[in-house]
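Work through these exercises with the sequence and the 3D view side by side. Try each task before reading its solution.

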Amino acid sequence: CFMVEHAGSGVVNIRLFGFLRSFMKERGLPDRFDETVPPEGKSGLEVAAELGLPKEKIEAVFRNGLIQQLDAKIYPGDRVAFVPSGTPGPYRVLLGMVKGR
């Protein structure tokens with residue numbers, strides 16, 4: 001295991017898709033934005049809670065091109081997308097949530 005040095009700016013780029021995108025749009029909020037996190041990071045669950053996202057509707061976090069569990073840490077400089085529950089089958093394979101045949 002190795003440590004990744006994260007950007008010092010504290011900014012994380014976040015995008016939302018599917019139901020989560022609609023959820024934010026209905027509240028007049030953007031589906032893409034930057035969020036500040038401390039250098040030691042925060043879990044995906046913590047960030048989702050701060051954004052007011054319903055955690056029961058989030059299945060995973062897509063962090064820097066890799067699918068991860070919600071308790072994975074998000075660090076400054078990361079690119080993050082929250083993956084909603086109920087993502088259709090082909091997308092689940094493409095995102096790496098399940099293995100293809």
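**Exercise 1. Find the buried residues of helix α1 and say how they are arranged.**

Solution. The model is a predicted one. Step one: list the residues. Leu20, Phe23 and Met24 are the buried residues of α1. Step two: look down the axis of α1. The buried residues fall within an arc of 90°, so they line one face of the helix. Step three: recall the geometry of a helix. An α-helix has 3.6 residues a turn, so residues three or four places apart point the same way. Step four: find the cover. What covers the buried residues of α1 includes β1, β2, α2, β4 (58–63) and β7. Last, step off the end of the helix. Gly28 follows α1, and its phi is positive, near 75°.

**Exercise 2. Take Leu20 and find which residues it is in contact with, leaving aside neighbours within four places in sequence.**

Solution. Start with the location: Leu20 lies in helix α1. Next, check its accessibility. The cut-off for buried is under 20% relative accessible area. Leu20 has 0% relative accessibility, so it counts as buried. Now collect the contacts. They are Leu53, Pro54, Lys57, Ile58, Phe82, Val83 and Pro84. Finally, pick one of these contacts, Leu53. Leu20 and Leu53 are 33 residues apart in sequence, yet their C-alpha atoms are 7.4 Å apart in space.

**Exercise 3. Find the aromatic pair and describe its geometry.**

Solution. Search the whole structure: one aromatic pair turns up. Its members are Phe19 and Phe23. Then describe it. A pair of aromatic rings is described by the distance of the centres and the angle of the planes. Here the centres are 5.8 Å apart and the planes make 45°, and the pair is tilted. Now look at the spacing in sequence. Phe19 and Phe23 are four residues apart in helix α1 (residues 18–26), so about one helical turn separates them.

Compare the surroundings next. Phe19 is partly exposed, with a relative accessible area of 37%. Phe23 is buried, with a relative accessible area of 11%. Last, look for charges over the rings. The charged end of Arg27 sits over the ring of Phe23, 3.5 Å from its centre. Over the face of Phe19 lies Lys57, at 5.5 Å from the ring centre.

**Exercise 4. Trace strand β1: what are its two faces, and which strands does it join?**

Solution. First, sort the residues of β1 (residues 11–16) by face. Val12, Ile14 and Leu16 make the covered face. Val11, Asn13 and Arg15 make the uncovered one. Second, take β2 (residues 32–36). Five bridges join β1 to β2, and the two strands run antiparallel. Opposite Val12 stands Glu35 in β2. Third, take β7 (residues 79–84). Four bridges join β1 to β7, and these strands run parallel. The bridge partner of Asn13 in β7 is Arg79.

**Exercise 5. Give the strand order of the sheet and place the helices on it.**

Solution. Begin with the order. Five strands form an open sheet, β2-β1-β7-β4-β5, with mixed pairing. Move to the edges. β2 and β5 (66–68) each have a single partner strand, so one side of each is left without a neighbour in the sheet. Then place α1. It packs on the sheet and touches β1, β2, β4 and β7; its direction makes about 100° with that of β7. Now place α2. It packs on the sheet too, touching β1, β2, β4 and β7, and its direction makes about 80° with that of β7.

**Exercise 6. Which residues of helix α2 are buried, and what follows the helix?**

Solution. List the residues first. In α2 (residues 44–51), Gly44, Val47, Ala48 and Leu51 are buried. Then look down the axis of α2. These residues fall within an arc of 100°, so they line one face of the helix. Then read on past the end. Gly52 follows α2, with a positive phi near 80°.

**Exercise 7. Is Ser43 buried or exposed, and what does it touch?**

Solution. Locate Ser43 in strand β3 (residues 42–43). Check the value next. Ser43 has a relative accessible area of 13% and is buried. Finish with the contacts. Not counting residues up to four places away in sequence, Ser43 touches Leu70, Asp71, Ala72 and Lys73.

Technical notes: Residues numbered from 1 in each chain as written. Predicted model: local features only at pLDDT ≥ 70, side-chain atom pairs only at ≥ 80, totals over all residues. Heavy atoms only, no water. Buried < 20%, exposed > 50% of the residue type's maximum accessible area, 1.4 Å probe, protein only. Arc of directions from axis to C-beta. Phe/Tyr/Trp six-rings, centres within 6.5 Å; stacked < 30°, edge-to-face > 60°. Lys NZ or Arg CZ within 6 Å of the ring centre and 35° of its normal. Pairing = 2+ DSSP bridges. Contact = heavy atoms within 4.5 Å. Axes fitted to C-alpha atoms, helices over the stretch in contact; angles between N-to-C directions.
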